[in-house]
Amino acid sequence: MAKNHRVIELDEVVVKFAGDSGDGMQLTGTQFSDTSAFIGNDLSTFPDYPSEIRAPQGTIAGVSGFQVHIGHKEITTPGDQADVLVAMNPAALKANMKWVKDGATIIIDIDNFDNKHYKKAGFEEDPLHDNSLDGYNVVKAPISELSKNVAMSSGLDAKTADKTKNQFVAGLLYWLFNRDIKIGEDFLKSKFKSKPDLVKANIAVLREGYNYAETIEALSTTFHVDPVKDKKGLFRNITGNQATAWGLLAAAEKAGLEVFLGSYPITPATEILQEIARHKHLGAVSFQAEDEIAGISSAIGASFAGRLACTTTSGPGLALKGEAIGLAVITELPLVIVNVQRGGPSTGLPTKTEQGDLLQALYGRNGESPCIVIAASTPADCFNYAYEAAKLSLEHMTPVILLTDGYLANGSELWKIPQMKEMPEIKPPKVADNTPDYYPYQRDPEKLNRFWAIPGQPGLRHRVGGLEKSDVTGEVSHDPMNHQVMVGLRQKKVEKVVDYIPKQRIEGQEDADLLVVGWGGTYGALISAVTDLQQEGRSIALAHFNYLNPLPENTGEVLKNHKKILVCELNMGQFASYLRSKYPEFEYLQFNKIQGLPLFISELKVKFYEILNSIK
Amino acid sequence: MINNFEPVQVATKEDFKLGGPVKWCAGCGGHAVLSTIMNVLPETGVPKENVVFVSGIGCSSRFPYYINTYGFHSMHGRANAIASGIKAANPDLSVWIVTGDGDSMAIGGNHFIHIIRRNIDVNILLFNNKIYGLTKGQYSPTTPRGSVTKTSPDGTIENAFKPGELTMGAQGTFFARTVDSDPKMMREVFKAASDHKGTSVVEILLNCVIFANQVHKDITGKEVRQDNQIYLEHGKPMIFGKERNRGLMWKGNQMEVVTIGENGVTEQDLIVHNAFDPDDVNHYRLVRMELPHYPVAMGVIRSVEENTYETDLHNQVKHARETSKIKSMDDLLMSGNVFESK
């Protein structure tokens with residue numbers, strides 16, 4: 001060892017990689033995450049990318065980031081603030097300074113810290129000499145130059161050599177976290193499988209970064225994060241969008257069906273369409289439609305024809321699909337609608353997260369048009385809730401809206417791989433060929449679902465459509481009393497789902513002074529903040545909802561017996577107002593944030609203390 | 001020779017009758033189309049449970065309620081998109097779309113061009129009465145410019161779409177035109193549409209007795225129809241007229257109406273219709289022909305074989321199933337980067 005080397009054991013650490021959109025920060029972040037998973041850390045990641053593809057180099061608008069939180073303990077969020085920031089240029093530094101902890105290690109590519117870049121980033125003073133970085137451990141590494149030299153001497157041309165600098169960064173990080181560099185080399189071998197010249201050059205740069213770190217004084221203290229103790233078994237790192245796609249595929253297999261996904265590309269939902277498109281080998285068919293309406297319409301057609309039909313979208317697309325969701329409601333066909341929420345209204349903040357579509361999902365259609373609405377709460381449990389959405393939709397013969405969000409969709413976490421034999425059965429209410437006296441609107445007496453007769457089946461020809469139908473027979477009907485009956489049946493059918501979903505859990509004491517209420521993608525931050533306060537002995541509990549319509553049967557019980565209820569959401573209070581309409585007997589305080597950002601543990605704790613301290 | 005077999009008749013007209021009331025106006029062209037379809041379906045050889053009728057919204061789109069098949073009366077403009085999903089989900093089904101000039105040319109214009117572009121094997125029956133009937137008499141995208149309707153009291157100031165032009169523009173493989181008053185022609189055209197593998201568009205010039213009565217009279221009127229229509233048949237000369245003595249002939253690169261026996265013109269000089277020509281330039285010319293300079297073209301104007309969407313799709317699925325090592329969800333779950341924590 002070339003210098004006096006000290007290793008600090010950490011329970012958890014947050015690293016943020018930031019650079020120009022083209023700097024390869026997403027790749028380095030993924031490589032670092034995979035390496036951490038490989039050695040047994042728990043982890044959570046979140047990419048933070050602009051809505052422009054390649055905004056002007058060196059500007060704040062062009063900064064792309066990737067945050068990874070790894071731990072020896074269980075990790076539930078990508079972390080509020082970073083312990084280590086990699087900033088490839090001044091803009092990346094400027095955009096991320098407020099997301100860095102005091103005393104953090106900041107690794108900068110000194111080659112890009114010049115007056116030209118300061119101007120592009122909007123710095124008036126040289127940030128390296130105006131004392132603004134006092135208190136941080138700043139590592140000024142000539143990343144661009146050293147990478148380029150090594151890569152070019154490995155035979156790459158200047159332009160390609162320039163793209164290897166992310167591996168220099170990776171090398172630094174492998175040193176800083178005492179990681180086996182061979183894992184990084186294997187990652188590159190598999191990444192550039194068919195391009196041996198790239199493998200060779202990137203490995204050389206990776207080693208250069210590692211060796212450089214070894215020699216410099218600013219990195220004489222390194223960190224070690226032990227594997228998680230109580231997480232045993234087989235794991236993979238999975239994003240919310242991938243987990244959603246896999247949940248649908250899994251549900252189809254269990255139900256003996258094949259997936260049909262009719263969809264139109266929209267940020268941040270597109271990866272689900274891309275993922276399903278890769279799995280024709282499981283019989284899945286994806287149909288990239290001409291617009292959002294055709295996406296859902298094709299899915300409704302496929303549902304009529306007997307597929308597990310799905311459509312995926314984000315807020316503006318859900319608005320466009322409203323009429324068609326109503327058609328699925330009145331034709332009582334199974335359909336999964338995934339809405340990966342983003343900042344709104346209109347185009348809003350397409351790459352940022354929000355929970356602004358709850359009321360749209362619950363009510364955003366003409367007429368009495370009830371849908372089952374559920375929400376996933378972590379990237380990995382998108383698998384379970386996509387599976388559940390498909391199960392409920394198929395077994396109850398009605399559309400289900402699954403709400404995820406940009407934070408879950410693009411974020412990833414370590415996921416214990418399930419086995420299909422452990423997954424619950426899915427039994428669509430199909431009809432046997434030539435069943436005598438089949439009528440399309442006959443119903444199961446318990447669930448009230450109608451039965452699914454599929455074109456091609458002999459003896460079951462029938463017609464469905466958007467006009468109101470007679471109870472049982474399915475003839476077109478304008479009869480006033482029949483309409484009342486049918487609206488009631490469709491409503492009742494959705495309400496009855498309550499008998500087939502789990503009770504609402506409460507994490508903590510059932511009579512805690514403060515009940516924190518959340519739903520969907522905010523789970524990680526809420527459970528972390530609540531657990532922290534519980535460990536300090538405060539009387540606080542969390543009720544985090546995944547089933548939104550219908551609400552779990554014991555919701556009233558859960559809300560009882562607390563001095564205060566605080567509903568935390570990334571919107572202006574949609575779930576709070578929904579609870580007020582369903583359970584008006586309680587008073588609901590609100591914590592609302594609408595910045596395109598996830599909830600932070602720190603800000604939640606401030607709010608929780610404030611309320612707890614006010615309780616006499 | 002297997003090709004010489006007549007399709008096995010697996011259904012009769014009676015099989016497709018529903019028995020309930022047909023709620024179109026007396027004199028509506030829809031009745032004739034419905035009756036003709038019931039005659040044609042048994043001739044297609046498709047088992048009755050494999051036939052699906054899909055419609056949008058409008059007078060035309062009540063069709064599925066009047067015929068005993070699987071049926072889906074959907075949303076305004078969306079029949080083509082719903083049918084795309086049905087056919088992609090199950091290519092064995094024989095899918096018919098019944099739509100109108102409002103449904104497919106206005107609100108559903110996007111889906112109309114895209115189903116054609118994809119060449120999904122469905123049959124589109126486009127009821128063109130050049131008016132909004134079910135909303136009671138507003139102009140549609142096919143209403144002739146200048147027409148006075150409830151929403152154009154001073155005459156429309158919009159150009160009219162020709163469905164045939166849109167079909168060609170979307171790289172359509174089949175376009176035919178027929179009229180509601182000629183059951184024989186409809187039967188031939190519907191059968192040809194059914195036989196065609198790919199998106200078949202059939203424009204039916206249809207009379208709305210209430211809001212656009214006699215809108216097609218210059219084409220379909222008893223006195224004028226033979227002189228004002230030309231029925232095109234592949235491989236036959238383009239000949240028409242009461243006396244069967246008029247025809248179309250090339251003059252430079254333009255088609256010109258000529259009379260056999262005048263100026264030395266003989267039947268041999270007439271253009272022979274080639275519906276199978278992959279180049280659609282002449283088909284374009286034919287769909288654009290308008291009175292009074294030309295007769296209006298009827299019959300199968302274009303019929304070209306190309307790959308269909310659903311065949312290519314399911315070939316990809318088959319290939320993927322055969323070649324992928326991942327045969328089940330469990331295989332997928334264990335594929336790629338899996339980390340074991342002991």
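**Entry 1: helix H1 of chain B**

I began with what covers the buried residues of H1(B), and found that the cover includes strand S4 (122-128), helix H6 (183-195) and strand S6 (200-205) of chain B. I noted that this is a predicted model, where local features need pLDDT of at least 70, side-chain atom pairs count only at pLDDT 80 or more, and totals for chains, interfaces and linings use all residues. Residues are numbered from 1 along each chain as its sequence is written, while chains are lettered from A and ligands numbered from 1 in the order in which they are written.

Helices (H or I, at least four residues) and strands (E, at least two) are DSSP runs, numbered from the N terminus. I call a residue buried if 20 or more other C-beta atoms lie within 10 Å of its own, with C-beta atoms placed from the backbone. In H1(B), residues 30-40, I listed Gly30(B), Val33(B), Leu34(B), Thr36(B), Ile37(B) and Val40(B) as buried. Down the axis of H1(B) these fall within an arc of 170° (directions from the axis to the C-beta atoms), so they line one face of the helix.

**Entry 2: the sheet**

Next I followed an open sheet of nine strands with mixed pairing, in the order S17(A)-S2(B)-S1(B)-S3(B)-S4(B)-S6(B)-S5(B)-S11(B)-S7(B). Two strands pair if DSSP finds at least two bridges between them. At the edges I found S17 (463-465) of chain A and S7 (229-232) of chain B, each pairing on one side only.

I then looked at S5(B), residues 174-179, which pairs with S6(B) in the parallel sense over six bridges. Opposite Phe175(B) I found Val201(B) in S6(B).

Technical notes:
Buried ≥ 20, exposed ≤ 12 C-beta atoms within 10 Å, placed from the backbone. Contact = placed C-beta atoms within 7 Å.
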